[in-house]
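Please look over the sequence and the model shown below before reading the points that follow. The briefing moves from the chain as a whole to single residues.

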Amino acid sequence: PLGAPEPSQWREDPWVIAAKTFAPCYIGGWSACEHWGLTEQVFRDVVIVTGRPVRRQRVEIQGNPFRLKALPSTKQFGTRQVWRGRVRVLVSDPARTVVDILDDPAIGGGIRHAASVIKAYLESEHRDDALLLEHARRRGNRAVFKRLGHIVEVLGIPAQGIQDACKASKSLGLALLDPRVPAKGRIVKRWSLRVNVELPRGGTSA
């Protein structure tokens, strides 16, 4: 940039760094939540879903911290192009963002924050039930349906179509509401889910 007195003061847009360094990749998780206005929380790390092998989940480039998640390029669907200066960068669309944080709540800031994002999504202009369910089916993780069904039920948001689809699509095996939390807590049989993190009824808190 012309305003930078010396090269050491120049820093490239972290999204552009990601697009150039980790391709094939897209911006996802809490970073996509911020982009689509689904959270008011601000996270320092930029979440990158990449088709490249990941040796470390967290790396830093030019002082920019990145949180990496490996995902084969064949599973990288449901993205949109956004312009960052003259560079096109992929970011998960709102529905895919929800599916990703249900698949791996860690990249959504934990299941409580993920639940608040889901509430924001279902109350926003981005809501698209059919697309959300289609992305969930293509992702291929049945635990996504269990978590989604339980969270929608707890939030008390009218979404009978989502509830019915989740019940029809869930597997019989027991899943954890948040895989990163110890496997303790009550079991909700209708969702084949161990609720190891309690969510406030009718609303969420981060």
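Helices and strands are DSSP runs, a helix having at least four residues and a strand at least two, and they are numbered from the N terminus. With that naming, Pro24 is found in the loop between α1 (14-21) and β1 (25-27). The model is a predicted one, and this should be kept in mind for every value given here.

**The chain as a whole**

- The protein chain contains 7 helices and 9 strands. Its radius of gyration is 18 Å, close to the 17 Å that the globule rule gives for 206 residues, so the chain is as compact as a globular protein of that length.
- Of the 206 residues in the protein chain, buried residues make up 50%. The accessible surface of the protein chain comes to about 10,200 Å², and 49% of that surface belongs to carbon and sulfur atoms.
- When contacts in the protein chain between residues at least 6 apart in sequence are considered, 58% of them join residues at least 24 apart.

**Charges and salt bridges**

- The protein chain carries 33 positive and 20 negative charges, and the mean positions of these two sets are 7 Å apart.
- Side chains of opposite charge can pair when their charged atoms come close. With a salt bridge taken as a side-chain nitrogen of Lys or Arg within 4 Å of a carboxyl oxygen of Asp or Glu, the count comes to 10 salt bridges.
- One of these pairs is Glu12 with Lys20, whose closest N and O atoms are 2.9 Å apart. Lys20 counts as exposed, because its relative accessibility is 54% and the cut-off for exposed is over 50%.
- Arg58 and Asp45 also meet through their side chains in a salt bridge, with 2.8 Å from N to O. Arg58 lies in strand β3 (residues 58-61) and Asp45 in the loop between α2 (29-35) and β2 (46-50), so this pair ties together parts that are 13 residues apart in sequence.
- Within that pair, Arg58 counts as partly exposed at 41% relative accessibility, whereas Asp45 is buried, with a relative accessible area of 13%.
- A further salt bridge joins the side chains of Lys119 and Glu123, at 3.1 Å from N to O. Lys119 is partly exposed, with a relative accessible area of 22%, while Glu123 counts as exposed at 53% relative accessibility.

- Asp104 lies in the loop between α3 (94-103) and α4 (111-122), and at 12% relative accessibility Asp104 counts as buried. Leaving aside residues up to four places away in sequence, Asp104 touches Lys69 and Arg180.
- Leu174 lies in the loop between α7 (160-169) and β7 (175-176), and at 47% relative accessibility Leu174 counts as partly exposed.
- Leaving aside residues up to four places away in sequence, Leu174 touches Lys146, Ile187, Ser192, Leu193 and Arg194. The C-alpha atoms of Leu174 and Gln41, which are 133 residues apart along the chain, are separated by 31 Å.

**Backbone features to look for**

- Most residues other than glycine have a negative phi, and most peptide bonds are trans. The residues below can be read against that background.
- Which kind of peptide bond joins Ala23 and Pro24? The bond is cis, and its omega is about 0°.
- Gln62 has a positive phi of about 50° although Gln62 is not a glycine. This residue is found in the loop between β3 and β4 (64-70), and Gln62 is partly exposed, with a relative accessible area of 32%.
- Ser192 likewise has a positive phi of about 50° without being a glycine. Ser192 is found in the loop between β8 (186-188) and β9 (193-195).
- Is Ser192 buried or exposed? At 8% relative accessibility Ser192 counts as buried, because buried means under 20% relative accessible area.

Technical notes:
Residues are numbered from 1 along each chain as its sequence is written. This is a predicted model: local features need pLDDT of at least 70, side-chain atom pairs count only at pLDDT 80 or more; totals for chains, interfaces and linings use all residues. Side-chain values use heavy atoms; hydrogens and water are left out. The radius of gyration is taken over C-alpha atoms; the globule rule is 2.2 Å times the number of residues to the power 0.38. Buried means under 20% relative accessible area, exposed over 50%, partly exposed in between (1.4 Å probe, protein chains only). Contact means heavy atoms within 4.5 Å. Accessible areas come from the Shrake-Rupley method with a 1.4 Å probe; for residues, only the protein chains shown count as cover. Lys and Arg count as positive and Asp and Glu as negative; His and the chain ends are not counted. The place of a charge is taken as NZ of Lys, CZ of Arg, CG of Asp or CD of Glu.
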